[in-house]
Structure formats: structure tokens, C-alpha cells
Amino acid sequence: MTTLFYDGTFESLLSVVFEIYERKLTLVKLQKGKWYSTALFENKLNIITNEANTNRVLKGLRQKLSPSGLQQLYIAHLAEIENEEATLIGYIRYVFDSAQNIEEDYGNRYVLRVSEIVRMMRREKHRMEAFIRFQKLKDETFYATIEPDFNVLPLLIKHFRNRYADQKWIIYDTRRNYGVYYDLHDTQYINLDFSTISKAGDIKTTFTEDEGIYQSLWQNYFKSVNIPARKNIKLHVRHIPKRYWRHLTEKI
Amino acid sequence: MNADRITEKLNILADAAKYDVSCASSGSKRKNENKGLGNASNGICHSYTEDGRCVSLLKILLTNHCIYDCAYCVSRKSNDIKRAAFTVQEVVDLTINFYRRNYIEGLFLSSGIFKDADYTMERLVLIAKKLRTEHKFNGYIHLKSIPGASDELMHEAGLYADRLSVNLEIPTEAGLKLLAPDKNRQDMIEPMQYLKNEIVLHQEEKKLFKKAPMFAPAGQSTQVIIGATPETDQQVLQSANYFYRNFNLKRVYYSGYVPVLADNRLPALNTSVPMVRENRLYQADWLMRFYGFKVNEIVNNEQPLLDLDIDPKLSWAIRNLHVFPIDINKADLQLILRIPGIGVQSAQKIVSARSYGHLNWEQLKKLGVAINRAQYFITCKSREFERRDLTGTKIKQFILAQSASKYLKNSHTQFSLF
Ligand code: SF4
């Protein structure tokens with residue numbers, strides 16, 4: 001068993017694959033980070049991302065997978081689920097070791113697992129697209145915070161750019177502490193420093209005056225459309241799991 | 001903005017609109033190409049009510065004043081309730097501000113009839129027009145057409161709205177006569193016919209000229225109330241089938257009657273909402289639209305009512321045991337779709353996956369097949385399969401015994417299918 005250390009990016013994952021084939025390794029384990037030791041160990045290796053190697057693997061994947069197959073692999077990587085590197089490596093090896101395109105071979109456990117992870121990611125993405133609630137700041141920016149189970153923010157950009165092309169917005173992942181800002185022209189990744197905002201009152205004053213009114217109108221609307229004769233809380237919670245409630249205007 | 005006044009209006013006019021169950025915001029392809037606000041193609045549910053229904057659109061009445069007196073409707077003339085009316089601008093502002101905060105996919109606007117049909121329809125159209133032209137709003141707009149409104153107004157409505165609907169309300173003409181004496185079925189069918197022709201015409205134009213205007217790109221739908229009148233499921237589904245076929249409807253919605261009014265023509269106030277029946281009707285509707293079932297395979301003269309204990313697909317399978325068992329590794333997609341416990345997605349996955357090698361129970365399970373149901377109807381790459389010559393009643397018993405709790409849990413949702 002050889003342990004390979006890499007930096008967690010997709011590029012570096014592909015470099016890892018290159019080394020595996022180059023060194024003809026069979027049993028490997030991946031770990032994020034670096035191996036700090038000057039001593040040489042047969043079974044521990046730091047993999048440094050190498051553009052040429054990454055591109056060679058990428059080119060190979062492009063030949064053997066459809067664009068959507070490659071996209072799925074990327075999404076599965078983005079999920080950052082712990083200890084799933086073996087799945088990704090297993091999947092890529094299966095791609096290269098098979099003569100035909102394998103992306104729909106759900107009888108294979110790696111293919112099946114990747115499709116499961118992709119399904120989980122897509123579900124979380126859809127939930128975010130539905131459950132994000134913006135609040136309007138004084139400078140006309142619409143601001144939302146999220147805490148998704150998986151790292152889906154990069155997958156959300158396209159949807160929100162298309163939808164809110166004429167308003168500035170920020171979506172901030174407070175669990176992973178980074179966000180996306182759209183300034184009417186472009187989007188960029190940002191970090192916010194929350195330590196300067198000390199009291200809850202400070203935050204309130206940064207919202208526009210009618211923000212509170214629209215929030216309470218929405219809460220009222222949500223109450224009005226309920227039909228008590230049909231009440232079914234179990235179903236309600238299945239649709240909106242409780243962990244999402246704290247970000248939902250109508251559930252606060 | 002007078003917050004209290006708007007809040008009161010919203011409470012009254014959202015409350016009055018909530019019995020219209022359609023909430024879909026999908027099926028349109030309106031894009032945000034003018035760097036405006038929004039797009040309409042996703043059909044997102046932004047929230048769910050405590051009764052588990054999708055909240056996708058701001059669904060309100062423009063007013064609940066009405067000159068008609070339909071027995072099943074809370075807004076009817078003779079009902080003693082608070083009345084309110086939004087101004088055109090108020091509806092526009094609410095829609096835009098809710099949309100910008102990602103609360104909704106768009107607007108579903110309906111109205112009681114004040115003065116006359118055209119006067120009412122004109123205002124609905126004006127709101128849609130303002131949203132589209134003044135605010136560059138590309139979100140979803142569903143307008144309810146007022147029966148009896150002029151063709152010109154219907155035409156204009158189609159230019160701004162994504163979907164238009166004319167509610168049939170009662171599945172048969174006789175039922176309608178009894179409960180809504182002011183309405184006549186012809187007034188509902190005529191606009192549907194008009195819309196169908198216009199929609200087809202514009203689709204043809206669109207094929208020839210990319211720049212041709214869109215006309216109700218998400219088509220038209222209708223709603224029927226279930227359980228207010230004594231129609232059988234056969235009558236309900238045949239009527240739905242008739243409208244799907246003849247008017248190119250996108251959806252028929254079935255709304256279990258919620259007893260809100262005391263009237264001796266209607267079920268008593270303490271009658272419960274027929275939710276299981278409503279769910280079965282949606283499942284049957286699904287079978288007709290996506291699973292290739294004909295209406296008389298689901299309900300017919302021998303079997304005019306849907307089985308409330310089990311879903312209509314299982315019910316069909318049990319009545320047609322001679323079709324089974326089906327070999328999962330060989331059968332056509334169309335046949336696989338008819339197996340209880342296998343949905344559209346699983347069926348497609350099975351067909352893709354089996355080209356790499358024959359599938360066994362374990363793999364079928366992973367592809368999302370509900371084995372506890374499907375096992376009585378299929379064979380696969382395994383020596384183990386149901387060998388006993390079970391009768392339909394026995395199979396039904398086995399499945400019900402196994403899934404009793406699950407069945408109860410799911411019985412209220414229209415989307416837990418098979
Ligand atoms: S016309 Fe419409 S709003 Fe008026 S009573 Fe009949 S169903 Fe109700």
C-alpha cells in the first residue's frame with residue numbers, strides 16, 4: 001500500500017493518476033496535505049501538481065468519456081466527501097482500463113458510487129437554488145448566507161447569474177467561509193471578515209428600510225396559503241429538512 | 001407603501017386563492033436575454049406549506065369580489081366574508097420584490113369576476129404587460145382566464161403569460177349545472193379551443209422565424225374539483241383524457257374538495273378532504289402521460305373506481321397477471337415501465353446498464369428498484385425468483401403487509417409514485 005499526498009484540487013488528483021500509472025502502483029491510498037519527513041519511505045509520496053501530467057490525464061479522460069461524463073467526475077470531486085478518493089481513483093482507472101465508454105455501467109461499483117455522489121450534489125444544488133433567501137442591503141446588493149452539506153457554491157453561480165442579471169448579489173457559504181459576488185458584470189470569489197460586525201443591531205442597519213416589510217409579507221403569505229384541513233407535517237419536513245430552516249425567512 | 005393595508009389584502013387574497021392547487025412553474029423556456037430580471041424554465045419549489053404542497057408562485061386573486069355564486073367557492077357572492085382588491089401596481093411591486101429575494105418563480109394571478117368578464121380580464125392582462133415591458137421581468141406568469149372574456153384579451157394574455165388556464169372545476173356538465181348555475185361549460189371550452197389553436201399556430205411560426213413572439217410557451221392547464229359532486233374516477237379520468245387529447249393540455253389538476261361552505265348540494269362540513277383519492281388520481285394521470293397506459297386500462301366499466309389501498313399500477317398488474325413475470329434483461333422499455341416498483345428513471349437505467357451485462361437482484365436494488373414490490377413480477381440473472389403460483393389477492397396482501405407503514409406515510413403526497 002502506497003500513500004499519496006496531494007493538495008485536494010482536481011488538477012492535483014489527475015497528477016496523482018499519472019504517477020499511479022507511471023510507477024505502476026496497484027494499492028494506493030490518497031491523503032490531503034503533505035508528508036513532512038526528510039527520510040525516504042518507500043510507501044509515502046508527495047505528489048506535486050504537474051501541469052503536463054495533469055493535461056495528459058485530462059486528455060485521456062476526454063477521449064474516453066463524454067463531456068457530461070467528465071463533468072460528473074468533476075462534480076463528484078467537488079463534493080469533498082471524506083475518504084471518497086478511492087472511488088474517484090477507482091473510477092478513473094476503470095475508465096482507462098476499459099475499451100468502451102463505461103459511464104453508464106452501473107453494475108460497476110465505482111460508476112454507481114460516482115453517480116450516487118453526483119445525485120447527492122445535484123440534490124443539494126437544487127435545494128440551494130430553492131432555499132436561498134436574499135436580503136436587500138442599503139447599497140442595493142442582495143445578500144444571502146448558506147451552509148450546504150456539500151461544497152456546491154461553484155455549481156450555483158450559473159443559475160443565479162442568469163436569473164439575477166440586473167441586481168448585485170452575494171452568496172456566502174458560512175461553513176466554508178467563502179462566497180461569490182456578482183457586480184452586474186462579473187462574478188468573483190470573496191472572503192468576508194465578520195469580526196468587525198459585533199452586534200446584531202449593526203447588521204440590521206445595513207438593510208434597506210423595506211426589507212423588513214417584505215420579509216413579514218412573505219411570512220404572512222406563507223401562513224395564508226396553508227390549508228389546515230390538509231396538514232401533513234411529516235411530508236413538510238421531508239421536503240424541507242430542519243437543518244435548512246435557520247436560513248429560511250418563512251421559517252424563522 | 002402602507003404595510004398594514006397591504007398585509008391585510010395579501011392575507012385575504014392569498015387565502016382565497018389557495019384552493020387552486022396548480023403550482024407548476026415549469027415547461028416554459030423564457031430566458032433572461034435582455035439583462036432583465038429572471039427566467040422561467042426551472043420549475044423550482046421555493047418552499048413547502050405545512051400540508052406538504054409546493055410553494056413556487058405568488059398565488060393570489062386580484063380581488064375576491066365576485067358577481068357569481070358558485071357553490072364550491074369561498075368567494076361566491078352570497079358568502080359573508082371580508083372583501084379586498086389589489087391595485088395593478090401593488091401586484092407588480094409584490095411580484096418583483098418577492099422574486100428578487102428568491103422567494104418565488106413568478107406570479108399566478110386569478111380573480112373573482114367584478115363587473116364583467118372583460119373588465120376583469122383586462123386588469124389581469126395589464127399586470128402581466130407591465131411586468132414584462134416596464135420591468136423586463138422574465139419570471140413565470142400564469143394567468144387564469146376568465147370564462148367569457150373576449151378573444152382579443154385572450155390573445156394579449158397569451159403574449160405576456162407563460163401559461164393560461166381555464167378551470168373546468170366540475171368534471172361533468174351536469175355537476176357544473178348543479179353547483180355553478182351562472183356558468184356554462186361552453187364558456188369554458190371556447191377559450192380552451194381558442195388557446196389551443198393560437199398555441200399551435202405560434203409554435204409553427206416559431207419554427208419558421210426564431211424572432212416570432214412567444215405565445216403561452218408553457219401551454220394551458222385546467223383544474224377539476226374532486227368529491228364535491230358524485231362522479232366516478234372513470235368519469236374524472238375519461239374527461240381528463242378527453243381534454244389532454246383534444247385541447248393539448250399540459251396538465252390537469254385534481255383538487256380534493258375542502259368543505260368550506262354549508263350547502264345542501266355539497267358534502268357536509270365535517271367530511272374529510274379526499275386526499276388518498278386525489279393522490280390515486282394523480283398517479284393514474286401519471287400512468288397515462290408517462291407510462292403509456294390507456295385510460296381504460298386503468299378504469300373501465302368493471303372497475304370504475306381506483307383502488308384506494310394500492311396504487312393504480314400495482315392494481316393493473318394484479319388484474320393482468322398473465323403478462324408476468326417479465327425478464328428484466330430482455331423486455332422492452334415499454335414493458336419494464338409497467339412493472340410495479342420500477343419508475344421511469346430506474347427503467348431507463350436498467351436498459352442502459354444491462355447492455356454491459358445481465359443484472360441481478362443486488363444491482364436492481366442499487367438502480368432504485370423497489371424489490372419488495374417488483375419481486376412478484378420479474379425474473380433476472382439469479383436462480384431465485386418467485387416460483388409460487390400466487391393469486392392477485394395474495395400478492396396484494398403480501399405487499400400491503402410489508403409496506404403498511406410506508407404506505408401510510410406516503411399516502412398524502414402526489415409525488416410519491418410507485
Ligand atoms: S366565478 Fe370564480 S370567484 Fe366567482 S364564485 Fe365562481 S369560482 Fe368563485
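Helices (H or I, at least four residues) and strands (E, at least two) are DSSP runs, numbered from the N terminus.

**View 1. Chain A and its elements.** Chain A of this predicted model holds 9 helices and 8 strands. Its radius of gyration, taken over C-alpha atoms, is 23 Å, well over the 18 Å that the globule rule (2.2 Å times the number of residues to the power 0.38) gives for 252 residues, so chain A is more spread out than a compact globule. The C-alpha trace spans about 65 × 45 × 35 Å along its principal axes.

**View 2. A stacked pair in chain A.** Rings of Phe, Tyr and Trp (its six-membered ring) pair if their centres lie within 6.5 Å; planes under 30 degrees apart count as stacked, over 60 as edge-to-face and the rest as tilted. Phe160(A) and Tyr164(A) have ring centres 6.3 Å apart and planes at 15°, so they are stacked.

**View 3. An edge-to-face pair in chain B.** With centres 5.4 Å apart and planes at 90°, the rings of Phe114(B) and Tyr119(B) make an edge-to-face pair. Tyr119(B), at 26% relative accessibility, is partly exposed (between the buried limit of 20% and the exposed limit of 50%).

View 4. Over all chains, the structure holds 27 aromatic pairs.

**Notes.** Residues are numbered from 1 along each chain as its sequence is written, chains are lettered from A and ligands numbered from 1 in the order in which they are written. In this predicted model local features need pLDDT of at least 70, side-chain atom pairs count only at pLDDT 80 or more, totals for chains, interfaces and linings use all residues, and side-chain values use heavy atoms, with hydrogens and water left out.

Conventions
Buried means under 20% relative accessible area, exposed over 50%, partly exposed in between (1.4 Å probe, protein chains only).
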